[in-house]
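Visitor: Could you show me around this one? I'm new to reading structures.

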Amino acid sequence: MTVVHPTPIPVQPVRPRPEPPLAMLAELTHRCPLACPYCSNPLELTRREGELTTGQWAEVFRQAADLGVLQLHLSGGEPASRPDLVQIVAAAREAGLYTNLITSGIGLTGRRLDELDAAGLDHVQLSVQGVNAGIADHVGGYKGGFDRKMLVAAEIARIGFPLTINAVMHRHNLGDLAATIALAHQLGARRIEIACVQFQGWALKNRAALQPTREQVEEAKRTVAQARADYAGRLAIDFVPPDYFADFPKACMNGWGSTGLNIAPDGKVLPCHAAEIIPGLQFQNVVTTPLAEIWNGGPAFNAFRGTDWMPELCQACDRRDTDYGGCRCQAMAIAGDARATDPVCRRSPHRAALDALIAAETSVAPPPFEYRRMPR
Ligand code: SF4
Ligand code: FES
């Protein structure tokens, strides 16, 4: 990784009030029985003692609904590690939010799922780490996890929750892509999200271990095209290709501070899940500052809103309102400057360095995983 001193984040001018956010990701906890090396959580994980209480989350949900949020994604870590998950879902429902539970399934039982159903949970997104216990338990760093997940999936189907399977794909499981799609269909999912690993947080630390080869990426595109034809009308297939291999970056977060926000377990409000990688940003906490104030005028949210902050290359580009200059955290991770054009962009001066990085990481055997761990 290139490490240069980042350009300081300038204070942004007063700007018009932004549109309200549509979606909020609530990271209820960083605790998790799994230890996936592809996790996008930050390296410095929040301990249990630092987490918001049930009542504080309920207040956050009321403020979010007042602000205009419609969809709430309950995530972590593993949200089922919170003993008060049912009360948290009930509070979100009470606030009028659509609730999606993003879970590995570990920590859920048929009884707990029945309680979540009664509390008003709308949707479940179940992660799979592999198509059998051998690969899934290795990637998740949790023996017996795959078998427990299959039992939980059966309970989800019994209750009839709308189910999305979320599969993070990388060098170690892309060869099983067709089988992963078949597994999602077998489990009764309506949708599968095939997300090639995004290198943020622990995944960035494990980038050399997870980096797919160019051949794997090309094969994955063919597999997805074939599966979309084979499962048409039965299983919706979303595919997020690895953007390192693309010519132009993705419109990360649909543009910084435009449609979504994240709440960390301790109440810190983030423009995206990885934003803490960017030095110089000031993150406010919803315990001490109203959410609307943070969204509308918070310095971290205004740092990269709109197009004024962009480098000249993006300012003058015909795609600037399509990808918004790409991902700020990726620019930070690869170019060492959050204000740079996303190095994925073919027009970026950093693209050659990214190509060299991919070549270096995929020309040798992958190193062992560094599993995600809570602080001792
Ligand atoms: Fe996007 Fe900037 Fe590249 Fe244009 S120059 S495609 S706006 S990242
Ligand atoms: Fe932070 Fe893309 S992950 S802007």
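Guide: Helices (H or I, at least four residues) and strands (E, at least two) are DSSP runs, numbered from the N terminus. This is a predicted model, where local features need pLDDT of at least 70, side-chain atom pairs count only at pLDDT 80 or more, and totals for chains, interfaces and linings use all residues. Residues are numbered from 1 along each chain as its sequence is written, while chains are lettered from A and ligands numbered from 1 in the order in which they are written.

Visitor: Where is Gly-77 found?

Guide: Let's start with its peptide bond. Gly-76 and Gly-77 are joined by a cis peptide bond, with omega about 10°. Most peptide bonds are trans. As for the place, Gly-77 sits in the loop between β2 (71-75) and α2 (85-94).

Visitor: Is Met-253 buried or exposed?

Guide: Met-253 lies in the loop between β7 (236-240) and β8 (260-263), and has a positive phi of about 60°. A residue is buried if 20 or more other C-beta atoms lie within 10 Å of its own, exposed if 12 or fewer, and partly exposed in between, with C-beta atoms placed from the backbone. Met-253 has 23 other C-beta atoms within 10 Å, so it is buried.

Visitor: And what does Asn-254 count as?

Guide: Asn-254 is in the loop between β7 and β8 too, and its phi is positive, near 60°. Because it has 14 C-beta neighbours inside 10 Å, Asn-254 counts as partly exposed.
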